[in-house]
Amino acid sequence: MDPKAFVAGMSALGAGMAMIAGLGPGIGEGYVAGQACSAIARQPEAQSDVTRTMILGIAMAESTGIYALVIALLLLFANPLVGQF
C-alpha cells in the first residue's frame, strides 16, 4: 500500500470524525435558545439578562464547532504528515 495514500485516507477519516463534533454545538445551541425562550416567557422582565447569558453560552458552544472545522481543514488541506512518507 502506498504510504501517501494511506496518510491521505486516514486524514480524510480524521477530518470526518472531527466534524462529528459539529453536532454537539448545534444541538446545544438549539437547546439553549429553547430554554431561553421559555425563561423569557415566564419572566419577561429578565429578558436582557437571559438574552445576554444565552448569547454568551451560544458563542462558547460555537467556538468548539469552529475548532473542529479548523482541525478538519488542516487535516485535509495543510497536512504536514503527507510529505514525510
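The protein has an accessible surface of about 6,000 Å², and carbon and sulfur atoms contribute 73% of this area; accessible areas were computed by the Shrake-Rupley method with a 1.4 Å probe, and for residues only the protein chains shown count as cover. The model is predicted, so that local features require pLDDT of at least 70 and side-chain atom pairs pLDDT 80 or more, whereas totals for chains, interfaces and linings use all residues. Residues are numbered from 1 along each chain as its sequence is written, and side-chain values use heavy atoms, with hydrogens and water left out.

The secondary structure consists of three helices and zero strands, in the order α-α-α along the sequence. Helices (H or I, at least four residues) and strands (E, at least two) are DSSP runs numbered from the N terminus. The C-alpha atoms occupy a box of roughly 65 × 15 × 10 Å along the principal axes.

Of the 85 residues, 15% are buried (under 20% relative accessible area, 1.4 Å probe, protein chains only). Among contacts (heavy atoms within 4.5 Å) with a separation of 6 or more, 78% join residues 24 or more positions apart.

N79 lies in the segment after α3 (47-77) and is buried, with a relative accessible area of 14%. Beyond its neighbours within four places in sequence, N79 contacts V7, S11 and L74. The side chains of N79 and S11 form a polar contact at 2.3 Å, defined as a pair of N or O atoms within 3.5 Å; within protein, one must be able to donate a hydrogen and the other to accept it, and residues adjacent in sequence count only if both atoms are side-chain atoms.

Note on methods: Buried means under 20% relative accessible area, exposed over 50%, partly exposed in between (1.4 Å probe, protein chains only).
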